[in-house]
Amino acid sequence: MAAGYAFLLFPNAAAASFATMIVMVRCVFCVGMFASTMIATTRVGELACALQRAHLPRHGIIAVCVALRFFPTMAGEFRAVIEALRVRGIAITLKSIVTQPVRVMENLLVPVMSRLSIVADELSNAAVVRGMDSSRPRTSYYDLRLRAADVVFLALFAATAAALLLSKFGVIV
């Protein structure tokens, strides 16, 4: 936060761009941390079972499950392309990013996008093979149910969210 405000002391377009970027990173950071924790700790089958028990639309469940598998794969593809570039003598360094940003982006993004389109197609085919798009009721290996601790934490979350909303609108101080 301090870095974002420090950039505001310099009234020019470059500083404003960096300030905006830092503020956006600050806004997205919590969502990114939640997503990375969820990806690292949640099994796709458990998530699909929980979302189905919450009566979410089937297409939404499929999209979330495919995304949960896609993002770690995307990170792996970036690492593989960076390693391949390094083997070919086209290492991505801070100097190359600053001096030739367009070439770095081309060398990195073209192979990654090509590989990711193949991976996305394979993931969607895997979801179809598993019967995700079937109109029949889906069964699950996992038996997920709301327990007392879940209800307590949901009530605490709802109370906190309500208090924050009421304070934002000036109802409570």
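Me: How many disulfides are there in this one?
Reply: The count comes to 0 disulfides, bearing in mind that this is a predicted model. Cys49, for instance, is in no disulfide, and the nearest cysteine sulfur to it, that of Cys65, is 10 Å away, whereas a disulfide would need the two sulfur atoms within 2.5 Å.

Me: And is Cys49 buried or exposed?
Reply: Cys49 is buried, because its relative accessible area is 3%, and the cut-off for buried is under 20%.

Me: What about Cys30, buried or exposed?
Reply: Cys30 counts as exposed, because its relative accessible area comes to 56%, and exposed begins over 50%.

Me: Switching to rings, how many aromatic pairs turn up?
Reply: Searching the whole structure gives 2 aromatic pairs. One of them joins Phe70 and Phe71 in an edge-to-face arrangement, with 6.1 Å from centre to centre and 70 degrees between the planes.

Me: Are those two buried or exposed?
Reply: Phe70 is buried at a relative accessible area of 17%, while Phe71 is partly exposed at 42%.

Me: Which residues form the other pair?
Reply: That pair is Tyr141 with Tyr142, also edge-to-face, where the centres are 5.4 Å apart and the planes make an angle of 85 degrees. Tyr141 counts as exposed, with 76% relative accessibility, and Tyr142 counts as partly exposed, with 22%.

Me: OK, helices now. How do α4 and α6 cross?
Reply: The axes of α4, residues 58-87, and α6, residues 101-129, come within 9 Å of each other and cross at roughly 145 degrees, and the crossing is right-handed.

Me: Which residues make that contact?
Reply: From α4 the contributors include Phe70, Met74, Glu77, Phe78 and Leu85, and from α6 they include Leu108, Val112, Arg115, Leu116 and Val119. Taken by type, the residues of the contact divide into 17 nonpolar, 2 polar and 3 charged. Phe70 therefore has a place both in this contact and in the aromatic pair with Phe71.

Me: You mentioned Glu77, so is that one buried or exposed?
Reply: Glu77, which is found in helix α4, is buried, because its relative accessible area is 13%, and the cut-off for buried is under 20%.

Conventions
Residues numbered from 1 in each chain as written. Predicted model: local features only at pLDDT ≥ 70, side-chain atom pairs only at ≥ 80, totals over all residues. Heavy atoms only, no water. Axes fitted to C-alpha atoms, helices over the stretch in contact; angles between N-to-C directions. Helix = DSSP H or I, 4+ residues; strand = E, 2+ residues; numbered from the N terminus. Left-handed = near helix turned anticlockwise from the far one by under 90°. Contact = heavy atoms within 4.5 Å. Nonpolar A, V, L, I, M, F, W, Y, C, P; charged D, E, K, R; others polar. Buried < 20%, exposed > 50% of the residue type's maximum accessible area, 1.4 Å probe, protein only. Phe/Tyr/Trp six-rings, centres within 6.5 Å; stacked < 30°, edge-to-face > 60°.
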